[in-house]
Amino acid sequence: MVKLAIVYYSATGTNYEMAKAAEEAALCQEAEVRLLRVAEQAPEEVIAANAAWKKHHEETSGVSVAKPEDLEWADAILFGTPTRFGNAAAQLRQFIDTTGGLWAKGKLANKVVSAFTSAQNPHGGQEATILSLYTTFYHWGAIVVAPGYTDPVLFKAGGNPYGTSATVDENGHFDPIALEAIKVQTNRVIDVTKRLNR
């Protein structure tokens, strides 16, 4: 059984929806899954000033917060983050910055990793965000598994070969084809992990 940690940050819910779709796909593959959000770092007054952010923050308060030991437990890790100026959100980066102890002991080497993201523009830094995360995983000695063009749905979802990316409109909506794409990406992560575990 593959142990998959889905570690995400979501301000208003897009990456949470994508993480839930990934969890659904992994459970269908009989993986053991931990769905984990990273800790929120923004001040309460900033969150409260954005109705959608406040609502999502309250609705997902029961989701477990990721800890470095969750990464040690996992065979595979799927990271999700909104794009922030072509990079991962500070909340996810801050969590990743706590993994130095695991890295120093070689505990992150040979983990299968992949990533997904979202932004308000199709060329708003989505690919750059995923690639910047992959740079970290190379330092870990992890095995990056990208979706590539392994399924027709990936073309329909925008054709990002590095990882699923959703384009979100001003009302917070995105094409649900992205949820199908993240399921394909998750299945690929599970498949490659099974092969390595053998």
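**Cavities and rings**

Mentor: The largest cavity holds about 110 Å³ of space. Keep in mind that the model is predicted.

Trainee: How many cavities of 30 Å³ or more does a search of the whole structure find?
Mentor: The search finds 2.

Trainee: What makes a space a cavity and not a pocket?
Mentor: A 1.4 Å probe fits in a cavity but cannot get out, whereas a pocket is open.

Trainee: Which residues line the largest cavity?
Mentor: Among them are Tyr 8, Tyr 9, Arg 37, Glu 40, Trp 53, His 56 and His 57. Helix H3, residues 51-59, gives the most to this lining, with 3 residues. The lining divides into 5 nonpolar, 4 polar and 2 charged residues.

Trainee: How does the lining of the second largest cavity divide?
Mentor: That lining has 3 nonpolar residues, 5 polar and no charged. Leu 154, Gly 159, Asn 160 and Ala 181 are among the residues there. Gly counts as polar by the rule used.

Trainee: Now the rings. How many aromatic pairs are there?
Mentor: The count comes to 6. Phe 137 and Trp 140 form one of the pairs, at 5.1 Å centre to centre with 45° between the planes.

Trainee: What makes Tyr 149 and Phe 155 a stacked pair?
Mentor: Their planes are 15° apart, and the cut-off is under 30 degrees, so the pair is stacked. The centres lie 4.9 Å apart.

Trainee: Why is Tyr 149 called partly exposed, and why is Phe 155 called exposed?
Mentor: Exposed means over 50% and buried means under 20%. Tyr 149 has 46% relative accessibility, so it falls in between. Phe 155 has 53%, so it counts as exposed.

Trainee: Which residues do ring pairs link into a cluster?
Mentor: The cluster consists of Phe 79, Tyr 134, Phe 137 and Trp 140.

Trainee: How do you know that Arg 34 lies over the face of Trp 73?
Mentor: The distance limit is 6 Å from the ring centre, within 35 degrees of the ring normal. Arg 34 is at 3.9 Å from the ring centre and lies over the face.

Note on methods
Residues numbered from 1 in each chain as written. Predicted model: local features only at pLDDT ≥ 70, side-chain atom pairs only at ≥ 80, totals over all residues. Heavy atoms only, no water. 1 Å grid on protein atoms, 1.4 Å probe; cavity = no way out; pocket = protein on both sides within 12 Å on 5 of 7 lines; lining within 4 Å. Points joined across faces, edges and corners; volume = space filled by probe spheres on them. Helix = DSSP H or I, 4+ residues; strand = E, 2+ residues; numbered from the N terminus. Phe/Tyr/Trp six-rings, centres within 6.5 Å; stacked < 30°, edge-to-face > 60°. Buried < 20%, exposed > 50% of the residue type's maximum accessible area, 1.4 Å probe, protein only.
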